[in-house]
Amino acid sequence: MYGILTSEKALVDAFADAVVHYSTDDVSANKRPPLENVINTVACWGDTAAVRADPSLAAQTADTTRAEPETEGHHWGTVCPTNETYRTTLLERISTVGGVGALRLTTPGFPGTQFCRCESCERKFNASDIDDWQAWRARTITQFIRDVRSHCTDELYVTAYPDPYPGNLRGRTGLDPKELAALVDGFVVPLCSISYETTYWVESLARGFARELDALDIPLTVQLSASNVRVDRLVDVTRQISPYADSVIYGTTTDTAEVVREVIRQCADDDFQSAIVQ
Ligand SMILES: [Zn+2]
């Protein structure tokens, strides 16, 4: 299956014959009304506006480095995942969006291996019945996704940081595919690059995720970028990952819609031809 990720409603209509991920809430605090017959995306703790308004909300390391856009390796602000007030508001929003149709969580989990060591997290970890910090983080995120699951009746997809090395996703974010297998309908892995001058890493990462998720029977969607890339290059990338991905979606704007349309046409034609051969 092929589709798009977009924040433009006109493209939702234009690609009605494809899978459409619609950016309902993003990390810049843009909020759009959720749509029917798409997969609406909601940023979880990625929320630059909230962190700007109150820096004490940000997830932080033991040396008080905050998860802010200016911090090396961070492109947006991230709120501490154990902040109760924020969590309650987030679940209310998820309940609203999930009531319309399928849902995809973006920026779920802790924003890196060293996060979060804020007072709230330290207190909750110390009060918990487990003494392994990694296990506590994973349980925190699993419980959140379980709560999300109970707030939505349609399909639930979760975005995964593109690091399939065994144990790394759990260590970075607290997302543990084994724990989440029974709760989600698929993982979405962004493998984005401008122009895709090199592509070996795309195939390698897709293959790594497929190996783990296939064993857990969790469908894999790979998200590619259509920014500044030629049709033939994007078709080539798609063909390389097709053996591993159940779906491929392209981040699409009005400027790139025609490129994406042609890529999908050529790749769908590939699938049709191979189906005939089989
Ligand atoms: Zn915290």
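Predicted model: local features only at pLDDT ≥ 70, side-chain atom pairs only at ≥ 80, totals over all residues.
View 1. Residues are numbered from 1 along each chain as its sequence is written, and side-chain values use heavy atoms, with hydrogens and water left out. The SG atoms of Cys 80, Cys 116, Cys 118 and Cys 121 coordinate the zinc ion at 2.2 to 2.3 Å. Donors are N, O and S atoms within 2.8 Å of the metal (3.2 Å for Na, K and Ca); water is not among the atoms, so sites may look incomplete. Along the chain, the donors of the zinc ion have the spacing C-x35-C-x1-C-x2-C. The arrangement is tetrahedral because the four donor atoms subtend angles of 98 to 118° around the zinc ion (four donors count as tetrahedral if all angles lie between 85 and 135 degrees). For four tetrahedral donors, the ideal angles at a metal are 109.5 degrees.

**View 2. Aromatic pairs.** Four aromatic pairs are found in a search of the whole structure. Rings of Phe, Tyr and Trp (its six-membered ring) pair if their centres lie within 6.5 Å; planes under 30 degrees apart count as stacked, over 60 as edge-to-face and the rest as tilted. Phe 110 and Trp 136 make a tilted pair, with 6.2 Å centre to centre and 50° between the planes. Phe 110 lies in the loop between β4 (102-106) and α4 (119-127), and Trp 136 lies in helix α5 (residues 133-151), so the pair ties together parts that are 26 residues apart in sequence. Helices (H or I, at least four residues) and strands (E, at least two) are DSSP runs, numbered from the N terminus. Phe 110 has a relative accessible area of 1% and is buried; Trp 136, at 5%, also counts as buried. Tyr 196 and Trp 201 form a stacked pair, 6.3 Å centre to centre with 15° between the planes. Tyr 196 is buried at 0% relative accessible area, whereas Trp 201 is partly exposed at 23%. Ring pairs also link Phe 110, Phe 125 and Trp 136 into a cluster.

**View 3. Arginine charges over rings.** The charged end of Arg 117 sits over the ring of Trp 133, 3.8 Å from the ring centre. Likewise, the charged end of Arg 261 sits over the ring of Phe 15, at 4.2 Å from the centre. A charge sits over a ring if NZ of Lys or CZ of Arg is within 6 Å of the ring centre and within 35 degrees of the ring normal.

**View 4. Strand β8 and its partners.** Four of the five residues of strand β8 (residues 247-251) are buried. Strand β1 (residues 2-6) pairs with β8 in the parallel sense over four bridges (two strands pair if DSSP finds at least two bridges between them). Val 248 in β8 is the bridge partner of Tyr 2. Strand β7 (residues 220-225) runs parallel to β8 and is joined to β8 by five bridges. Gly 251 in β8 stands opposite Ser 225.

**View 5. Loop with Pro 33.** Pro 33 lies in the loop between β2 (19-25) and β3 (39-43). Pro 33 counts as exposed, at 60% relative accessibility.

Note on methods: Buried < 20%, exposed > 50% of the residue type's maximum accessible area, 1.4 Å probe, protein only. Tetrahedral: all angles 85-135°; square planar, octahedral: opposite > 155°, others 65-115°.
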